[in-house]
Amino acid sequence: MLTREAMATRDRRWRRLGVVVIGGAALWLGVRATREVPRPLIVMPAPIVPAPVVVIEVEQPPAPLPLPASLPAPAPAPAPDPEPTLVSAPAGTTCPRDLATIGLPFAIAIPDPAAVAGEAGEVIVSATGCAIATTTARGVVASFDGGQTFVARLVAPGTLSQVALDADRIAALRDRQTLGIEHADGTVVWRALPAGLDPTMITGLAMGGGLVALTYRSEPRSLIAVSADDGATWRTEFAPVDGLAWVSALAATRIELTVERAPPDSTDGGDGWQERYAARPGRLSWRRDEPRASSSWRYQIVGDEFWGCGGTAKLLAIRDGRTATVQRGIQAEVIPFELAARGSVAYVVDRDHLYRLRGTRRHDLGPLPMGEVFSLHTRVDGADTFVTSFGGHLLRFTPQGGWRVLN
């Protein structure tokens, strides 16, 4: 039988053995857990569902029908007739310093004068400035820069007549019923003619100094109408004496009138004479304009000899109340003869030559490039050069530049 001490010793030994057994077991389990291989994780993808197929039907346009092989291509539209006298706007308004270089030499512009067709247009020049115009089959073309550029003016249906020029305006009658006025900048006004007057009796249209004047034939005295507002209002007055009258000069403060007088028993105009009158445009109270003593010459063609079926004329030079005969035996219906004068500057076309008048003498400037021509329209422009027309063209002569074609 064991004693208490022996039993206590035994119990202590078993407890120690239990602790050793339990610790070894725990150690073994820990080592095994660290050596165990993890199982692989298998991920299954989600099933792919195909997208629905949408079918869109587009209706195709029908193919064009082929053209027949025999169908010809359409012909191009014909080009409009050219306007040889027109240039693109804007038109010039500055006068050139040297007129001798304006335009083309005649020989270059018109190499064959005999082939030029068409009637010579009327030549219109301004008393001041450098405006120049001519009439054509299509209307009126004008230049306000001495012939450098030309533009059609007063373009409207109808026939234009009685064209007049100022430095910056042009006027004309349309169908002898309406007055048209166009400024250099293109501003146009159309006015009714003076009420109560017969438009078919108009014999002249003049411009100058911002004024417009109309002359009417009436018996026994001509009638003059003057407007200072482009034809909006008119002042009228009869000529001071009997005879055919016309406005020979027009300025802002003075209007000059020339009256062709004839003896009471004259039937053919023989032995006629001219009288000059002047008035202020605002009053039209005429007074005799006696020629003043001047060293400048002026020139005039008057009748000379008459017979039953015709007659001749003579060219006079007048200065200081004295008259000298420059040339006699003029028969313009048989031999071409034209006088172009402005103040003391005058030119004469006699047969096929151009002459400058100086005093009582003629100075030959050479032959006309187009030869002998009847019924030339001739003028002296504001620069004292000779201007005429030929076959729809405006020509200018200067001693430095010779004959030049402007349009």
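Me: Which ring does the charged end of Arg362 sit over?

Reply: The ring of Tyr355, with the charged end of Arg362 4.0 Å from its centre. Keep in mind that this is a predicted model.

Me: Noted. And what does the charged end of Arg174 sit over?

Reply: That one sits over the ring of Trp190, 4.2 Å from the ring centre.

Me: OK, ring on ring now. How many aromatic pairs are there in the whole structure?

Reply: A search of the whole structure turns up four. Take Phe106 and Phe390: their ring centres are 6.5 Å apart and the planes sit at 40°, so this pair counts as tilted.

Me: Where do Phe106 and Phe390 sit in the chain?

Reply: Phe106 is in helix α2 (residues 106–109) and Phe390 is in strand β26 (residues 386–390), so to speak distant parts of the chain, 284 residues apart.

Me: Are those two buried or exposed?

Reply: Phe106 and Phe390 are both buried.

Me: What about Phe386 and Trp403, what sort of pair is that?

Reply: Edge-to-face, with 6.0 Å from centre to centre and 85° between the planes. Phe386 belongs to strand β26 and Trp403 to strand β28 (residues 402–405), and the two are 17 residues apart.

Me: Buried or exposed, for Phe386?

Reply: Phe386 counts as buried, at 1% relative accessibility. Trp403 is at 12% and counts as buried as well.

Me: Switching topic: how many disulfides does the structure hold?

Reply: One. Cys95 and Cys130 form it, with their sulfur atoms 2.1 Å apart.

Me: What's the handedness of that bond?

Reply: Left-handed, because the torsion about the S-S bond of Cys95 and Cys130 is about -95°.

Me: Sheets next. What's the strand order in the one with β21?

Reply: β21-β22-β23-β24, an open sheet of four strands with antiparallel pairing. β21 (337–342) and β24 (361–367) stand at its edges with a single partner strand each, so one side of each has no neighbour in the sheet.

Me: How much are neighbouring strands turned against each other there?

Reply: By 25° on average, direction ignored.

Me: How many bridges join β21 to β22?

Reply: Six bridges, with β22 covering residues 345–350. Glu338 stands opposite Val349 in β22.

Me: And the order in the five-strand sheet, what is that?

Reply: β1-β28-β27-β26-β25, an open sheet that is antiparallel too. The edges are β1 and β25 (378–380), each with a single partner strand.

Me: Over how many bridges do β27 and β28 pair?

Reply: Four, in the antiparallel sense, with β27 spanning residues 393–398. Arg396 stands opposite Arg404 in β28.

Technical notes: Residues are numbered from 1 along each chain as its sequence is written. This is a predicted model: local features need pLDDT of at least 70, side-chain atom pairs count only at pLDDT 80 or more; totals for chains, interfaces and linings use all residues. Side-chain values use heavy atoms; hydrogens and water are left out. Rings of Phe, Tyr and Trp (its six-membered ring) pair if their centres lie within 6.5 Å; planes under 30 degrees apart count as stacked, over 60 as edge-to-face and the rest as tilted. Buried means under 20% relative accessible area, exposed over 50%, partly exposed in between (1.4 Å probe, protein chains only). A charge sits over a ring if NZ of Lys or CZ of Arg is within 6 Å of the ring centre and within 35 degrees of the ring normal. A disulfide is a pair of cysteine sulfur atoms within 2.5 Å. Two strands pair if DSSP finds at least two bridges between them. Axes are lines fitted to C-alpha atoms, for helices over the stretch in contact, and angles run from 0 to 180 degrees between N-to-C directions.
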